[in-house]
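Please walk me through this model in a viewer.

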Amino acid sequence: MFTPTTHHPMAGSFASVDITPAISLTGDLPQGLPADILCVVGPDLAHHLLFTLASEKGLPQRKSIDVTACAEGEQGVHQIARNILLFTLALDSKITAEQAWNIYYDAWLTPSNLTALQTQAQKLFDLASSLDAWYAGPYSQLRFCDSGTLEFVKDVWSKYTTSEATENFDTILERSQKRKEETYGEEGQAVVTSSVRSCAPLSVGGLVEALTELTEENWQATVKKQDEKKPNPVFAAALAASDENQRRVLEYPTDPLVGFHLASANAPLTPLSPYRIENVDKKDIKDRIVETARMQWGDWLEAFREAVGEKRATVRFAAADFFSLCWTLKRNKDCGELEACWHRREVRFDILVLDEKEYAKGEAPNEFDVVDTGVLGDEKGVLNVLVAGLVLLKRVPSSTIYTECCAKDYEAILEGYTSAFSVLLGVSPGEYWTNSTSVAVVDEVLATFSERYADDERPRGIQSRLAWKWNSLQVKGQRDQLTMEARDLIMFFEGVFGRIFKAYESSQDNSKRRGPHHHFHFNTAAAILKVLCERLCLDFRRVLDSYETLPADFRAGTLEPHIKGWGICGVPEPSGNPAYTGDFLFGELALKLNKKLDSAAITFTVPAEKWKPVAQCSRDEGIPLPLKVTIPEAGIEYTNYQLAFGSITKFNSPDQDGVPGKVDEDKEEWSGSSDIVVSLYVPMEKLAGFQQSKQSVALCTADPFYNRLAYKTVLGNPQCEIHRVPIDSVLVTHVLPGQWLLENETVSVESATKKLGESEVTSTTPWFTAKLDENAVDAKADVVLQIIGHIDITSDEGRSLLSDKSVPIKMEQVSPFTIEVVFGARKLVLPMIFTVPVSKEKCALRVARKSHYVEVVSSLVKPLDVPQLDTHILPSTAIQPSGIPATLNIPHLNLDNLPILSIDEDEDEDPRIKFLTTLTSLVFSGRERRLREEVNAQDDNYTGLGPSPRLNFKESLFTIFMLSSGLQGGQTGLFAISDPKNGGIHMLLFVNAIRLDCPHATVVLDAAILPFTKALVDSKELEGFLLLIRTLECCTITVDDEELKMWKKALPAFVERCRTWEHNPKTCEYVTASGEKGQKTVPLSLKEGEQVICSCGQGKLPSDFIPLPEWDETAAMYSTRVAISPVYASQLVEDIIDPALARGLAGGGEKRVAGCRACGKAEDEEEGVALKKCGRCLKVRYCSGECQKRDWRKHRMECEEAEEHHRK
């Protein structure tokens, strides 16, 4: 398989719920456009899919949402069967939302619910006689990628219809309880972090504690036998095993509540707010949590029923390994074939073959707008899932690959070389270069510093969901034309993967349980290399051949013994088809094929009596079983193998020489008693040597930690060999069982170059090359990548200037991505637009006056190294050629679905909204807080405009949130963005409401923006309304020119993310206006008095949106709805909060200090000045009003009104 396999032979678990709250799969896509989505099936599929469709209600309708969901292994098949059962029940509308909840989530069912489930399962079984029969039935929008998936799922449905699987249900639940106690302790408080995520951004006031208690109560109700109810066959079938030693368990937790957005259960909401609970003050907090989740569940099911019933949504299922599906779809995309010789899963020899009717005719998607890999990256390696998903990603700016991981360090995400791989693969997380995100992790960060965790138990990082997008498409006017010398690429690979595999070798002598090497074997590296070759316009074979040209000392790495055996994604490339018939043993085939193939497959069997004791040990000790194949005498080992249970029955006909026949597989797998059939590829040149020296091949346990722990004792040999056979007794064939020879799939450099050239090439078009830093290589340092921008000077004017040595040539940086090469007094300017940010300080200029070219050599930089990125915070780009904007790092929202916080200035402040102070104040990272304090200390008369536009922008946002909520000072919803030095007021902001954005753990302002243009002002249509505004309480947000530009750049993102209207292609200024070289531009202009955003959304506001006189008649006609969220720093770039501050906030606020908060002056000093408390929080103290005023910019972010103010 694509990655090393870790088996769990005598244990299995069924996860009935996911601990991640539902997310929208279309959250990064422009509204109204078709969406093709590939995702991994887990217990969270129903939540994510249902919530996605619910989020789409009220937005511009997409022509289609087509979701392809894949699932691995036996438990994956059960998840597919379970989800289809739920979806079909919802479509039939014969049961209530409560019944659907019980059937899907409860381990015990009432007789009526059990009858409904089994009746539906029988119906599905009857419809599943064939793909044609299924598609002719009532559920044709639920489809299958291949006939095999339907067969697997049908088998599961048959188990739902009987009670056989429920016989040992009590025993299984008792075992599950024991496992839970061993893993989490008797208290079971293991879901605090999950509860925090579900309750965010309001994980205070007892909400997390109540949810944690409900989770434990649900578990106890699940594992306790309920005499009046029957076991749910969905649970029982997934947990049943034919072997009593196969100790399957139900995973903890089982409470579905953690998958919903629960903050509204404890928030003060307006009377007309979505998800407002009636008579909330009379209900216990636990009851409110349950009611909130049930309301969402009902809405989600209804949205699914509508979308699928109207055939706007299609869901396709594939019971296959994620990598197998990706590479098979890639081959279908590239050449129309239905298979790519990839085995369906890790423990099978059957090949994944796509359904002809769906994929031969292009009915089903084979490239996607979204690839959501879920938590697969933690198990299989983020680099692996990123590469596999990348080959199917559409080439548009909004296309996104989601990965999840817990790595806090950016470079660690992709095995220590994230920056380099980001350049070579052409993708990066949107939040990294912008160092900004509107997805908050405030609640989770504070939870890690709370008393819930001991110091040694605090997680090292927060689980991050990263949205990777194409680099080149994020930069206006840039073409994706990066290339690299073959020798440089193979040196890079030797440096990266050599280190990874050396780490594996060193782990043989230590007690490491797991490391990056568990994510890779040598064919994994080959597949990654092949993708890079296609991306960089390189010939795969030429790159492999260049390995021989490397210096001997550099070439002595661990890749050398394996590099000759690399094939295309694990399938060898034959250079001929030898004529031979019959059954082959090693020696005969080796003599005939040695010069015909780079590699061949060897296959051998392991008797059941040899592997059974090891599997039993795995069960007894509760540990996994990683395996490897070794050639003991040569000291060579392979982790890239395929295995199944059964026996090889025959070889195929003579016209398919060297192709193994069918393997008669045992479906019981680890539960059965069949032999194991093991097959793998080895280099042909190695085979001859093995045969001549009479060597052997062995199947061994692979992990040194588990070997020492248990397996060495059971196996009785230090090599931990399960079974060894002589090398001359193995079967040798062209390919692995189930596979067949594929025609070579190559991409010429010329065609690849033509394919990647996305815009017209001119004489001054730059070309970019990735290159290793030669100085670093010579010094044997770690691999360091550079990007070289090259422009050939072909014009007479350019060559004349180049030959004139009196003409100075210099670099100027005009944007984070653009370096201009300037000749003289700008007589000739050659822009080089890189696909990633660069810094002039880390660039070198090369001028070849005789050869007529210039080059800019840039080292890879980090976001904080590029000052120009300070204003690059919420960018948008235009989808070419349509011009429709795509946001790059801010998710889309359906504002009308979000709960509305109740903030009434006529009533006492509700303590439940105090969380807003902490939530919005933490937009400032630890570094930014220190910078603000330095500025304050240097200038006692500081007016609020600092040297950093980003800081000023965040300060403005914080002020708007505080005044909109009334938490500090007065309350107003009217704001004027004013630049006194450049025209005064440039835009008005009208805040309608503050809404809870629970999916992103934050809040959002539901507002309208009215940008002033010269044409609008000159028309005097707003003159009366503006006179009225002067009489109202309006807060003026003073900005400078740089911050004003940031507001203008952010406006398209604020508008597009909540758009409920369609762009008119005939009148939309984004579409009709063109910038340089015909490129569409977003925003339209940054110049004073010119239009910033298009007019399509003007006046498209809910009725009575702003309760002001003349609003509907005048101002609303020129105002556009916006969704403004706090903007946080990215934890990939810097610490988002100082640990000391986090501990203070997590512990309930700052401790009372003995001295002045600003200057430190003690109360008992000779001056005799008494320290006075802050009149709002009654905690911190100051020696004077001047100190309090100077400290306010810092203290305001922590200042919460004391409870004493509300006591009667």
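Where is the place of Phe-817? Select Phe-817 in this predicted model: the residue is in the loop between β28 (809–813) and β29 (818–823). Is Phe-817 buried or exposed? Its relative accessibility is 10%, and because buried means under 20%, Phe-817 counts as buried.

Next, show what surrounds this residue. Setting aside neighbours within four places in sequence, Phe-817 is in contact with Val-475, with Met-832, Ile-833, Phe-834, Thr-835, Val-836, Pro-837 and Val-838, and with His-872.

Move to helix α11 by selecting residues 285–309. α11 has 25 residues, and the distance from its first C-alpha to its last is 36 Å, close to the 36 Å expected at 1.5 Å a residue. At the start of α11, look for Asp-284, where a side-chain oxygen comes to within 2.9 Å of the backbone nitrogen of Lys-286. Following α11 is Lys-311, with a positive phi near 60°.

Helix α12 is the next stop; select residues 322–335. This helix of 14 residues reaches 20 Å from first C-alpha to last, close to the 20 Å expected. How many residues of α12 are buried? The count is 11 of 14, and α12 is mostly covered. Among the buried residues are Phe-322, Phe-323, Trp-327, Lys-330 and Arg-331. At the start of α12, a side-chain oxygen of Asp-321 lies within 2.9 Å of the backbone nitrogen of Phe-323. Gly-336 follows α12 and has a positive phi, near 80°.

Finish with a sheet. Which strands form it, and in what order? Five strands make up this open sheet, in the order β38-β35-β36-β37-β39, with mixed pairing. Its edge strands, each pairing on one side only, are β38 (1035–1038) and β39 (1120–1124). On average, and ignoring direction, neighbouring strands are turned by 35° against each other.

Within the sheet, select β35 (residues 974–979) and β36 (residues 984–997), which run antiparallel and are joined by six bridges. Leu-974 stands opposite Phe-990 in β36.

Note on methods:
Residues numbered from 1 in each chain as written. Predicted model: local features only at pLDDT ≥ 70, side-chain atom pairs only at ≥ 80, totals over all residues. Heavy atoms only, no water. Helix = DSSP H or I, 4+ residues; strand = E, 2+ residues; numbered from the N terminus. Expected span 1.5 Å × (residues − 1). Polar contact = N/O pair within 3.5 Å; in protein donor to acceptor, adjacent residues only side chain to side chain. Buried < 20%, exposed > 50% of the residue type's maximum accessible area, 1.4 Å probe, protein only. Contact = heavy atoms within 4.5 Å. Pairing = 2+ DSSP bridges. Axes fitted to C-alpha atoms, helices over the stretch in contact; angles between N-to-C directions.
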